[in-house]
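User: I am new to this entry and would like to learn how its features are read. Could you guide me through them in order?

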Amino acid sequence: MASRGGPMVTGTDGADFQHRQRVSAIYQISAINKSRLKYCIFFHYLLFFAMLAKLCSDILDRLDIFILEIEELQVPDPLWWEYIWCLSIVTSFIGLSAAKGNRIRDMQKYIIALTVFGILPFIYGLAYYMSDVVDYLTFDSDGDVDIEDTDIFFWQGLPYGLLWYAFILVGMQIHGFSIYFAWNLIKAWQSRSAARKVQ
């Protein structure tokens, strides 16, 4: 082995590294998936703040607080699934604490809670806005009917259903990757505990 800037240690050519300790593959998988899960949770927070901005108008109305600038935006009233999806932010705390403590049960709870409060409301949103999106995408602009005369709902000149589809598809990817990385962590932790029992 060579020291920095010094001579080679006598009796070795530097190729005797096989005996040295290496990080187990299980620990590498765990570390990589923890890091990736944290990134997904960070993007989950970003989506949450975007949803909170959308719900701000309704929340202020319920609190009898009037802000002219927000009222002028004429944000459509929220549906119940939007509030239920906001509860999914609580699951991130479960996932982070499970990752920190390598707790299999808590990570399983995280996956279940994220599915219930994150993915199921998104599926409902996809189904709810499907007719609007299909109507908008199949609308014939060359025909006699103007798009303003259709039942397609627009907000600020943009098709509302299509905006939701963009938000939901990004959210589904984030939640899907979160579940995938959480599942990889569970498998790594289970194989590690099985290896300890064998020893």
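**Salt bridges and surface**

Analyst: Asp106 and Lys109 are separated by about one helical turn, because they stand three residues apart in helix α5. Please note that this is a predicted model. The side chains of Asp106 and Lys109 meet in a salt bridge, with 3.9 Å from N to O.

User: How many salt bridges does the count come to, and which parts does the pair Glu82 and Lys54 tie together?

Analyst: The count comes to three salt bridges. One of them joins the side chains of Glu82 and Lys54 at 3.0 Å, N to O. Glu82 lies in helix α3 (residues 80-86) and Lys54 in helix α1 (residues 25-62), so the pair ties together parts 28 residues apart in sequence. Both Glu82 and Lys54 are buried.

User: Which residues make the nonpolar surface patch?

Analyst: Leu87, Ile112, Val116, Phe117, Leu120 and Ile123 make this patch of about 520 Å². A patch residue needs over 30% relative accessible area. Phe117, in helix α5 (residues 104-137), is partly exposed at 31%.

User: How many disulfides does the structure hold?

Analyst: The structure holds zero disulfides. Cys40 is buried at 8% relative accessibility, and Cys86 is buried at 11%.

Notes. Residues are numbered from 1 along each chain as its sequence is written. This is a predicted model: local features need pLDDT of at least 70, side-chain atom pairs count only at pLDDT 80 or more; totals for chains, interfaces and linings use all residues. Side-chain values use heavy atoms; hydrogens and water are left out. Patches are made of residues with over 30% relative accessible area and no salt bridge: like charges are joined within 9 Å, nonpolar side chains (Val, Leu, Ile, Met, Phe, Trp, Tyr) within 5 Å. Accessible areas come from the Shrake-Rupley method with a 1.4 Å probe; for residues, only the protein chains shown count as cover. A salt bridge is a side-chain nitrogen of Lys or Arg within 4 Å of a carboxyl oxygen of Asp or Glu. Helices (H or I, at least four residues) and strands (E, at least two) are DSSP runs, numbered from the N terminus. Buried means under 20% relative accessible area, exposed over 50%, partly exposed in between (1.4 Å probe, protein chains only). A disulfide is a pair of cysteine sulfur atoms within 2.5 Å.
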